[in-house]
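Visitor: I'm new to this one and would like to learn how to read it. Could you walk me through it feature by feature?

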Amino acid sequence: MLSFQSSKNVLSLAEDLLFRIYELLAAESDRKSFRLVCREFRRIDSLTRRHLRVIRIEFLPILLRKYPRLQSLDLSACPRIDDGVVSLLLTRVGRGSNSPSLGHWAWGLKSLVLSRATGLRFSGLEMLTRACPCLESVDVSYCCGFGDREAAALSSAVGLRELNMDKCLQLTDVGLAKIAVGCSKLEKLSLKWCMEITDLGIDLLCKKCVDLKYLDVSYLKVTNESLHSIASLLKLEVLGLMACPLIDDVGLQFIERGCPSLKVIDVSRCEGVSSSGLIYVVRGHRNLLELNAGYCLSELSTALLHQMKNLNHLEVIRIDGARISETSFQVISANCKSLVEIGLSKCVGVTNMGIMRLVSACINLRVLNLTCCHSITDTAISAIAYSCRSLVCLKVESCNMITEKGLCQLGSFCLLLEEIDLTDCCGVNDKGLEYLSRCSELSCLKLGLCTNISNKGLSYIGSNCLKIHELDLYRCTGIGDDGLEALSNGCKKLRKLNLSYCNAVSDRGLAYIGRLEELSDLEMRALHKITGVGLEAVAVGCKKLADLDMKHCEKVGDSGFWALAYYSKNLRQINLSYCGISDMALCMVMGNLSRLQEAKLVHLSNSTVEGVELALRACCARIKKVKLFAPLRFMLSSEILEILHARGCIIRWD
Amino acid sequence: MQDGSVNDLLQASKIQDWDPSAMLNNLSFLGQKIHQLQDLVYLIIGRKGQVLGRPDELLVQQQQLVTADLTSIIVQLISTAGSLLPSVKQTLSAATTSLGQCGEFGGVVFPSSAQGLNDGVQPQNAGGSKVSELPNSVDITSNNGNEQSNHIIEEHELKDEEDAEEGENLLPGTYEILQLEKEEILAPHTHFCTICGKGFKRDANLRMHMRGHGDEYKTPGALAKPTKESSSEPTIIKRYSCPYAGCKRNKDHKKFQPLKTILCVKNHYKRTHCDKSYICSRCNTKKFSVIADLKTHEKHCGKDKWLCSCGTTFSRKDKLFGHITLFQGHTPAIPSDEIKAAPAGTSDGATNKVGSVNFNLSYVSSESEVQSSSMDIKGGIDDAVGYFSPLSFDTCNFGGFHEFPRPPFDDSESSFAFLLSRSCNYSQKSGEE
């Protein structure tokens with residue numbers, strides 16, 4: 001009676017109140033529960049939903065009908081999206097349809113993620129841009145077929161403000177010019193790895209799209225000429241120049257005098273840039289918030305340090321790989337008081353004293369990267385823990401001198417710690433993990449190569465750090481099934497787990513892994529004890545499994561792979577190299593897993609050429625990347641290779 | 001002193017180095033001369049206003065007269081100035097025009113350094129001063145012999161011919177205008193044998209031809225290039241007029257710009273007033289009237305065509321991008337043949353081979369309407385749901401496949417048979433299509 005009344009109360013809520021309740025639900029899983037309550041709740045969900053990330057393309061038409069008010073559509077997980085699909089969606093589900101209920105899903109769309117949609121060509125893009133008049137943001141990164149004609153099709157989206165074209169390898173200056181002229185309102189543009197782009201294209205872009213606030217030209221072969229053009233952008237706030245081999249200090253001189261709004265600059269891995277170039281940048285931009293200069297400085301020179309005194313607003317600095325003296329830390333901490341993140345990965349000269357000086361004033365520090373700063377010890381860690389109470393992320397990979405004492409301090413003071421990388425810190429033991437487990441906010445823990453930890457240590461983590469979603473136990477040979485039991489009991493939110501080379505793990509351990517329903521990413525290379533039974537348990541239990549790496553799991557038999565083929569419907573990447581999978585099982589895995597995009601199939605001892613051929617035929621429509629044994633190149637039929645090539649699949653021969 | 005000839009002045013400057021009283025005399029002389037010059041300029045302006053309407057021979061004559069007067073005054077001015085500042089003498093020749101122009105303002109200010117003067121004045125000279133009779137003034141001011149002066153004249157002329165193209169600024173009347181008739185211009189040959197009438201393009205070829213008409217044409221003298229007799233006496237500059245009435249190159253045009261050589265006349269006439277009869281064999285679009293232009297174009301035609309959406313082509317990418325920067329809304333055009341080739345080559349081929357669904361019809365070309373494409377698809381695909389379902393492992397056929405609780409392993413044999421049959425189907429399909 002009571003339950004009936006309460007449910008009646010909830011159901012009798014007015015619609016606007018339901019909307020407000022719904023808006024307060026942040027987590028996707030909560031929203032899912034909400035819409036499963038009743039039809040009315042589902043209606044609220046479908047009317048309110050603005051964003052949709054589609055995992056399986058076969059449901060796309062239904063979903064688009066269900067959610068008429070979408071503003072953001074993410075198709076990056078649908079490898080099979082191509083011109084034909086787009087045409088169907090627009091004509092059958094879209095405005096071309098006679099039925100009004102089919103709605104105008106494309107009309108209100110503002111954001112479209114088409115990342116890795118290698119099958120999409122200019123005709124599909126043209127239809128999309130024509131159907132979506134409100135389009136403001138498009139992501140076509142990693143579309144290796146995206147070239148100038150596709151850019152021309154996209155350029156008719158005149159309202160575009162954000163565009164990501166990372167690794168559109170076929171894009172040239174001509175395509176960029178199309179975009180620059182067509183989409184003149186562009187504010188954010190990323191051109192990483194668009195290797196054909198030259199100074200001419202960048203120059204035109206800077207002249208046509210004067211509203212640019214964010215520009216990333218990392219890895220391009222552009223020269224100082226481009227920097228000259230970029231310097232004219234008055235609104236530019238973020239400039240990415242990572243690993244541009246042809247730019248140097250002369251180019252940065254242009255930046256000194258231009259880009260008055262610059263807030264963030266990344267010149268890391270620029271071979272031609274030295275500290276004098278950075279002096280120009282720092283001198284011209286006192287209000288810089290973020291300076292990324294990893295692996296381009298040999299030394300943090302005194303002249304640069306002198307200029308950095310003026311960067312009072314600096315929040316993030318990364319000078320990975322540079323030589324740094326103890327006095328430099330003093331200068332930084334005395335002047336850059338608002339620092340939130342410091343990257344000192346592989347810096348030479350980082351000492352306990354230096355770190356102590358640094359943290360004495362930078363108390364707002366949230367992220368600290370001390371990867372490979374071998375000389376720091378528990379003293380430095382204690383100082384960090386004591387000063388920086390709001391520390392969120394600490395990376396101390398390969399700092400061998402850290403022991404449980406340091407971790408004790410962290411566990412006592414840094415209660416907000418979310419991420420810690422202790423890879424290759426052989427001083428970490430079970431006691432250390434016990435101290436660390438006091439950081440209950442911990443979500444990412446990397447313990448790779450920590451051979452001194454055992455099941456006992458892991459059980460502390462399992463019982464206290466309930467928010468963990470990423471755990472790396474690579475080559476933690478002390479970890480066995482009992483540790484995994486403890487883990488599976490506590491860390492229910494685990495999404496990513498690395499168990500590679502944890503030799504002690506057996507089928508029983510995998511059965512515990514199978515209890516982790518959120519697990520999407522599992523790496524378990526070379527687990528020699530596990531068999532098909534263990535894999536079956538994982539496949540049945542981990543329904544969200546998307547990425548499975550089981551290279552060198554030689555004992556797993558066909559029954560395990562059958563289970564995988566039946567249950568792991570969400571699998572997107574798989575590594576089966578050196579596994580004893582048979583032809584039949586391979587065909588089933590490759591053919592039945594409808595989301596599979598990437599497969600590594602090298603050295604399959606129990607498979608024949610025919611089996612691989614058949615498996616490839618079964619998945620050729622959706623597979624995007626496949627790694628095959630090199631001699632197969634001449635044994636597989638040319639027909640299947642052609643089909644794969646035509647579908648935009650990349651084959652790596654090993 | 002006022003009536004004293006230029007020679008006297010020169011003498012004076014030679015004898016006395018620097019004398020304040022002589023300088024005062026010279027200055028007053030300069031002042032008078034400048035006033036004379038001023039009057040003359042007024043005169044020119046007045047006359048121009050009068051005869052603006054009727055361009056006839058009278059105007060030319062008057063202009064010539066004025067120019068001559070001007071020249072003599074300038075010459076005197078220069079020499080006077082030269083006597084004032086002996087150290088500048090050697091470089092004064094370059095300053096003549098500046099003097100001529102500055103005359104009106106009643107004084108001449110020399111920069112302290114002679115080099116500076118030189119530099120400062122030369123651009124004006126090149127930029128086209130009103131005074132054209134430069135050689136004469138040089139002749140007098142430089143205290144050198146005639147021969148050297150002539151040498152300078154020649155150099156100057158040569159320079160003129162090389163440098164000045166469109167913007168050549170010769171005063172009207174200072175050169176002889178020749179006008180060839182249309183037939184003459186278009187005639188393939190310009191040198192005709194007086195004996196047999198055979199025509200030649202080059203005089204040298206004619207001379208070679210003449211050898212056949214008798215021994216008298218074989219002498220070294222007859223075969224040698226006829227030397228210019230004009231080297232000793234001052235030559236009259238020849239310029240050419242286009243016979244086409246209304247053309248800017250026609251002598252009756254208001255802003256007449258003469259052509260320099262016969263070759264210029266020929267090329268100009270063909271390019272501007274004739275049909276373009278030579279068509280590029282590669283692109284079949286570009287037309288030319290001068291065969292040399294065609295040959296130049298053919299060298300570059302077809303390689304690296306940079307095309308703008310407005311139809312303009314460029315040989316270089318940076319030129320195209322410069323053009324696009326300049327003009328609002330212009331974009332680089334992507335060659336059309338590529339567009340035609342791509343869908344047929346990659347996508348259609350792939351879909352046919354895969355043989356899953358005939359969605360090759362959905363590859364609508366950019367021009368066609370969305371509506372029409374929807375029709376195509378309806379014809380091509382029976383069931384949209386079938387298209388979206390996982391390829392070849394149809395969910396409808398194998399419902400049991402997807403029910404997780406069902407232990408599937410017991411009948412793996414049959415499901416594999418299904419797989420095989422499907423895949424066989426596959427290869428047959430791909431073979432057919």
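**Loops and backbone angles**

Guide: Let's start with H552(A), which sits in the loop of chain A between β20 (547-549) and α24 (558-567). Helices (H or I, at least four residues) and strands (E, at least two) are DSSP runs, numbered from the N terminus. Before we go on: this is a predicted model, where local features need pLDDT of at least 70, side-chain atom pairs count only at pLDDT 80 or more, and totals for chains, interfaces and linings use all residues. Residues are numbered from 1 along each chain as its sequence is written, chains are lettered from A and ligands numbered from 1 in the order in which they are written, and side-chain values use heavy atoms, leaving out hydrogens and water.

Visitor: Okay, what is the phi of H552(A) near?

Guide: Most residues other than glycine have a negative phi. H552(A) isn't a glycine, yet its phi is near 65°, a positive value. Y295(A) is another non-glycine residue with a positive phi, near 55°. You'll find Y295(A) in the loop between β10 (290-292) and α14 (302-308) of chain A.

Visitor: How does H552(A) count by relative accessibility?

Guide: We sort residues like this: buried means under 20% relative accessible area, exposed means over 50%, and partly exposed is in between (1.4 Å probe, protein chains only). H552(A) counts as partly exposed because its relative accessibility is 24%. Y295(A), at 33%, also counts as partly exposed.

Visitor: Now a helix, please. How many residues of α7(A) are buried?

Guide: In α7(A), 8 of the 10 residues are buried, so the rest of the structure largely encloses this helix. Among the buried ones are L125(A), M127(A), L128(A) and A131(A). F122(A) belongs to this helix, which covers residues 122-131 of chain A. With a relative accessible area of 11%, F122(A) is buried.

Visitor: How far apart in space are F122(A) and E150(A)?

Guide: Their C-alpha atoms are 4.2 Å apart, although 28 residues separate F122(A) and E150(A) in sequence. R56(A) and R595(A) make another such pair: they are 539 residues apart in sequence, while their C-alpha atoms are 6.7 Å apart. R56(A) lies in the loop between β1 and α5 (60-66) of chain A, and at 18% relative accessibility it counts as buried.

Visitor: What about charged side chains? How many salt bridges does the structure hold?

Guide: First the idea: side chains of opposite charge can pair when their charged atoms come close. Here a salt bridge means a side-chain nitrogen of Lys or Arg within 4 Å of a carboxyl oxygen of Asp or Glu. Over all chains there are 28 of them.

Visitor: Which residue forms a salt bridge with R130(A)?

Guide: That would be E126(A), with the closest N and O atoms 3.9 Å apart. R130(A) and E126(A) are 4 residues apart in helix α7 of chain A, which means about one helical turn separates them. R130(A) itself is partly exposed, at 39% relative accessibility.

Guide: Next, have a look at D74(A) and R53(A), whose side chains form a salt bridge at 3.3 Å, N to O. D74(A) is in strand β2 (residues 72-74) of chain A and R53(A) in strand β1 (residues 51-53) of chain A, so this pair ties together parts 21 residues apart in sequence. D74(A) is buried at 10% relative accessibility, whereas R53(A) is partly exposed with a relative accessible area of 40%.

Visitor: Which residues are linked with R35(A) in a network of salt bridges?

Guide: The network links R35(A) with E28(A), D45(A) and R49(A). Within it, the closest N and O atoms of R35(A) and E28(A) are 3.8 Å apart. R35(A) counts as buried at 19% relative accessibility, while E28(A) is partly exposed, with a relative accessible area of 42%.

Visitor: Last stop, chain B. What does UniProt list for residues 191-218 of chain B?

Guide: An unreviewed UniProt entry lists "domain: C2H2-type" there. UniProt positions are given in the numbering used here, feature names are shortened, and annotations may be inferred rather than shown by experiment. Over residues 191-218 of chain B, the model is 29% helix and 14% strand, and the end C-alpha atoms are 18 Å apart.
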